Amino acid sequence: MKKRALISVSDKTGLVEFVSGLKNEGWEIIATGGTKTLLEKSGIETVEISRVTGFPEICDGRVKTLHPKVHGALLALRNNPEHLKALEENEIGFIDLVCVNLYPFRETIANPDTTLEEAVEKIDIGGPSMLRSAAKNFPSVTVVCDPDDYATVLGEIRQNGDTSLKTRMQLSAKAYTHTAQYDSCIATYMRRQAGLNEKLFLEFDLKQTLRYGENPHQSASFYASTKAVPFSLANAVQMQGKELSYNNIQDANAALSIVRDFSEPFCVALKHMNPCGAGQAATIEEAWRKAFEADPVSIYGGIVAVNRTLTEEVAREMKPIFLEIVLAPDFTPEALEILSTKKNLRVMKVNMTPSDEPVDQYVGVTGGLLVQHQDIQTEKLTEEQVVTDIKPTPEELADLQFAWNIVKHVKSNAIVVVQNLQTRGVGAGQMNRVGSAEIALKQATAAGDAERLVLASDGFLPFADTVELAAKYGVRSIVQPGGSIRDAECIAKANEENISMLLTGVRHFKH
């Protein structure tokens with residue numbers, strides 16, 4: 001008996017070649033709608049699905065394969081006499097292969113202008129049903145949902161007359177994965193439209209099995225979201241260097257989060273997920289120098305990220321320094337040639353297209369998962385936020401904005417001291433805020449240049465002691481969220497010390 005294949009695909013990549021191969025092996029081809037039109041235009045004779053079912057397509061094609069003569073042909077167990085008798089009595093022939101992929105629902109809803117009605121029309125019904133029926137009966141039926149499998153399937157049919165049981169089982173698993181992903185996408189979209197949040201479905205693809213996690217005794221893997229977003233290491237192109245480690249990925253992600261806050265030429269050097277040096281300037285070369293000179297010791301073994309094409313000049317100055325990773329939106333050929341002499345250095349090209357689209361952030365806790373939008377919005381500082389008698393100069397206001405953009409990316413309690421669009425001191429992760437301030441201020445004044453320093457705090461100042469300490473180190477202006485019951489004391493101390501102070505009303509904790 002001639003073997004039969006049912007073909008109904010949305011993605012027609014490689015289809016003609018695949019079906020031609022089946023036809024040449026003596027298979028009968030059943031096809032639907034646009035698939036049938038394409039195949040017959042290519043000279044491949046097919047059988048219309050309605051000839052198989054004895055029933056026309058109805059409801060604008062919504063109903064065409066939901067029929068016992070399709071699903072009986074797929075689900076009947078070939079070694080069950082009762083099943084075979086039922087097929088014979090109802091004049092149902094076997095279908096031995098199903099080639100189906102589904103309506104482009106994900107691609108449709110990716111367009112923000114898509115209406116609910118348009119999205120619903122891209123919910124496939126017959127396709128998933130055929131995939132699941134064929135996948136359930138994998139001992140006898142081959143199910144193909146991925147064009148990448150066409151060559152394997154056709155090769156086995158040419159060699160053996162059919163696919164192997166092992167291949168059919170693998171294809172069955174792929175089909176269930178395909179329908180699960182599809183249904184998850186639909187469920188997520190429909191729950192969002194309905195305002196429900198009682199379930200969370202996540203879809204990530206394995207990008208890399210890591211050698212180990214934070215420590216050698218921990219296993220780890222890197223999964224990438226199916227949706228590409230800017231400033232993401234998951235979508236970056238590695239130009240050279242060793243395989244990324246778990247800690248590399250964490251640090252690189254932190255560096256990219258900082259870079260996205262700056263539109264002017266900017267560079268940040270980072271260690272252990274905290275910036276150790278950052279600079280903004282008219283050119284990327286000068287920004288790099290500011291970042292390096294801010295802390296030439298801590299940058300050793302660190303990560304550097306820039307938001308402009310990395311040039312030959314920057315690469316040449318980086319070359320003598322031991323770095324783990326360099327991230328940039330692009331590299332000049334000359335820069336790549338220089339960096340290529342450092343074989344272990346990871347060089348990553350990252351999409352840094354500006355975007356305000358919120359991105360969910362997932363943090364695992366024992367037995368659970370925390371979800372929040374990333375903190376990607378940073379307030380623009382203005383004189384209206386000044387609460388002291390003395391006002392910051394335009395240069396100080398620019399430095400305050402730079403410090404405010406940086407401090408949100410430092411582990412709380414966080415204090416950042418800035419001078420001339422360059423970090424001079426960073427205090428991170430201390431148990432009290434004045435402790436962080438002392439670390440940052442001592443670092444900022446170690447070289448003796450304490451002129452026109454400004455200070456940013458990610459959270460409110462609980463006491464006036466931080467202001468008093470800042471004054472001792474020559475700080476001229478402070479930006480903080482405010483909201484403490486002692487705000488008035490802090491403002492009064494700032495006025496007493498001739499320090500200007502801005503209250504933003506927004507905090508930026510990073511735990």
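Predicted model: local features only at pLDDT ≥ 70, side-chain atom pairs only at ≥ 80, totals over all residues.
The face of H9 turned away from its buried side carries three exposed residues, Ala 151, Gln 159 and Asn 160. The buried residues of H9, which spans residues 150-160, are Tyr 150, Val 153, Leu 154, Glu 156 and Ile 157. Seen down the helix axis, these buried residues fall within an arc of 160°, so they line one face of H9. An α-helix has 3.6 residues a turn, so residues three or four places apart point the same way. Just after H9 comes Gly 161, with a positive phi of about 85°.

The protein chain as a whole contains 18 helices and 20 strands. Its radius of gyration is 31 Å, well over the 24 Å that the globule rule gives for 511 residues, so the chain is more spread out than a compact globule. The C-alpha trace spans about 100 × 50 × 45 Å along its principal axes. Of the 511 residues, 48% count as buried. The accessible surface comes to about 25000 Å². Carbon and sulfur atoms account for 51% of that surface. Contacts were also sorted by sequence separation. Among those between residues at least 6 apart in sequence, 55% join residues at least 24 apart. The chain has 53 positive and 66 negative charges.

Several loop residues were then examined. Gln 422 is found between strand S16 (415-418) and strand S17 (423-427). Gln 422 is buried, with a relative accessible area of 13%, because the limit for burial is under 20%. Leaving out residues up to four places away in sequence, Gln 422 touches Ala 278, Gly 279, Lys 290, Glu 293, Ala 294, Phe 402 and Val 417.

Tyr 300 also lies in a loop, between helix H12 (284-294) and strand S11 (302-306). Tyr 300 is exposed, with a relative accessible area of 53%. Apart from neighbours within four places in sequence, Tyr 300 is in contact with Lys 271 and Phe 322. Lys 343 is 43 residues from Tyr 300 along the chain. The C-alpha atoms of Tyr 300 and Lys 343 are separated by 17 Å.

Backbone geometry was considered next. Most residues other than glycine have a negative phi, and most peptide bonds are trans. Phe 231 has a phi near 60°, a positive value in a residue other than glycine. Phe 231 lies in the loop between strand S7 (220-225) and strand S8 (237-240). At 11% relative accessibility, Phe 231 counts as buried. Asn 498 is not a glycine either, yet its phi is positive, at about 60°. The loop holding Asn 498 runs between helix H18 (487-496) and strand S20 (500-503). Asn 498 is exposed, with a relative accessible area of 53%.

A cis peptide bond links Ser 412 to Asn 413, with omega near 0°. Asn 413 is placed in the loop between helix H15 (394-407) and S16.

Methods. Residues numbered from 1 in each chain as written. Heavy atoms only, no water. Helix = DSSP H or I, 4+ residues; strand = E, 2+ residues; numbered from the N terminus. Rg over C-alpha atoms; globule rule 2.2 N^0.38 Å. Buried < 20%, exposed > 50% of the residue type's maximum accessible area, 1.4 Å probe, protein only. Contact = heavy atoms within 4.5 Å. Areas by Shrake-Rupley, 256 points an atom, 1.4 Å probe, with all protein chains shown as cover. Lys, Arg positive; Asp, Glu negative; His and termini not counted. Charge placed at Lys NZ, Arg CZ, Asp CG, Glu CD. Arc of directions from axis to C-beta.
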